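Notebook, open at a new page. I want to look up the pocket lining and the salt bridges here.

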Amino acid sequence: MMQGTPDHHDEGPAERKMRFLFALRSRGVTDARVLTAMERIDRGLFVRGIFADRAYEDMPLPISCGQTISQPSVVGLMTQALNVQPRDVVLEIGTGSGYQAAILSLLARRVYTIDRHRRLVREAVELFRDLNLPNITAVARDGSFGWPEQAPFDRIIVTAAAEDPPGPLLAQLKLGGIMVLPVGQSDTVQSLIKVTRTERGFDYEELRPVRFVPLVEGLASD
Ligand code: SAH
């Protein structure tokens with residue numbers, strides 16, 4: 001991994017940020033609002049422990065509860081595909097570290113985010129408070145059923161892979177709304193899908209191959 005990549009141990013925060021943004025652009029994240037949001041949210045705060053010094057590399061990294069924070073370019077491409085508007089109410093399934101939710105919170109009016117691990121939700125909520133992101137609400141529960149009390153949503157993003165788009169999430173998408181999610185039958189072969197709700201039903205567009213942790217049923221014990 002990272003063969004041919006020089007070490008960047010001696011670079012300062014400004015150079016690091018430039019390189020981070022350059023990597024995003026070179027991988028197709030070109031939306032100016034998305035890039036600005038990703039410039040403002042420091043990924044280093046969402047990665048703890050021994051992997052913290054890799055936070056500015058374009059790679060997924062381990063977080064608590066055996067989960068992963070997604071690769072920055074994948075976060076950027078999913079956010080871009082979601083085409084979030086300033087008045088939008090967004091639902092995220094798979095809070096994880098909270099990084100994706102924090103980025104969405106700068107682009108949307110409100111973000112609701114769900115994880116099945118209480119510990120991840122607790123840690124993410126602390127970060128949202130520290131970063132002063134008051135428009136995010138997080139809860140620990142099984143996200144496959146969405147958040148019926150807050151539905152419908154303008155945008156839904158799922159950051160764990162299911163075999164098919166969960167029915168309750170499709171039902172909680174507004175007319176004209178967009179949902180972006182990885183789908184696939186195995187842990188290794190998955191596609192990122194963009195679903196748009198129209199008058200006639202749902203349009204599906206396949207974006208690219210991806211690899212996410214699975215969407216698991218039920219609330220976790222931690
Ligand atoms: N978006 C995250 C990355 C999430 S990794 C970030 O920015 O860091 C995927 C997450 O989905 C994991 O934290 C996992 O606990 C969660 N998850 C898996 N199945 C779930 C379910 N049914 N409901 C809610 N969360 C789920």
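Before I count lining residues I need the term: a residue lines a pocket if it has an atom within 4 Å of one of the pocket's grid points. The strands and helices I refer to are DSSP runs, numbered from the N terminus. I also note that the model is predicted.

**Entry 1: the largest pocket**

I looked up the volume of the largest pocket and found about 620 Å³ of space. I then asked which residues lie closest to its centre. They are T68, T159, A160, F212 and V213, out of 37 residues in the lining.

Next I sorted the lining by element. At least two lining residues come from each of β2 (68-69), α3 (72-82), β3 (89-93), α4 (99-107), β4 (110-115) and β9 (201-210). The largest share belongs to β9, which supplies three residues.

I sorted the lining by class as well. I get 17 nonpolar residues, 12 polar ones and eight charged ones.

**Entry 2: salt bridges**

How many salt bridges does a search of the whole structure find? I get eight. I followed up some of them by residue.

I began with R19. Its salt bridge with E11 has the closest N and O atoms 2.6 Å apart. R19 also meets E57 in a salt bridge, at 3.9 Å from N to O. This second pair links distant parts of the chain, 38 residues apart: R19 sits in helix α1 (residues 13-26), and E57 is in the loop between α2 (32-40) and β1 (61-62). I recorded E11, R19 and E57 as linked in a network of salt bridges.

**Entry 3: accessibility of the network**

Buried means under 20% relative accessible area, so E57, at 13%, counts as buried.

**Entry 4: another pair**

I then looked up D203, which forms a salt bridge with R200. The closest N and O atoms of D203 and R200 are 3.9 Å apart. Where do the two residues fall on the accessibility scale? D203 has a relative accessible area of 37%, and I list D203 as partly exposed. The cut-off for exposed is over 50%, so R200, with 72%, is exposed.

Note on methods
Residues numbered from 1 in each chain as written. Predicted model: local features only at pLDDT ≥ 70, side-chain atom pairs only at ≥ 80, totals over all residues. Heavy atoms only, no water. Salt bridge = Lys/Arg side-chain N within 4 Å of Asp/Glu carboxyl O. Helix = DSSP H or I, 4+ residues; strand = E, 2+ residues; numbered from the N terminus. Buried < 20%, exposed > 50% of the residue type's maximum accessible area, 1.4 Å probe, protein only. 1 Å grid on protein atoms, 1.4 Å probe; cavity = no way out; pocket = protein on both sides within 12 Å on 5 of 7 lines; lining within 4 Å. Points joined across faces, edges and corners; volume = space filled by probe spheres on them. Nonpolar A, V, L, I, M, F, W, Y, C, P; charged D, E, K, R; others polar.
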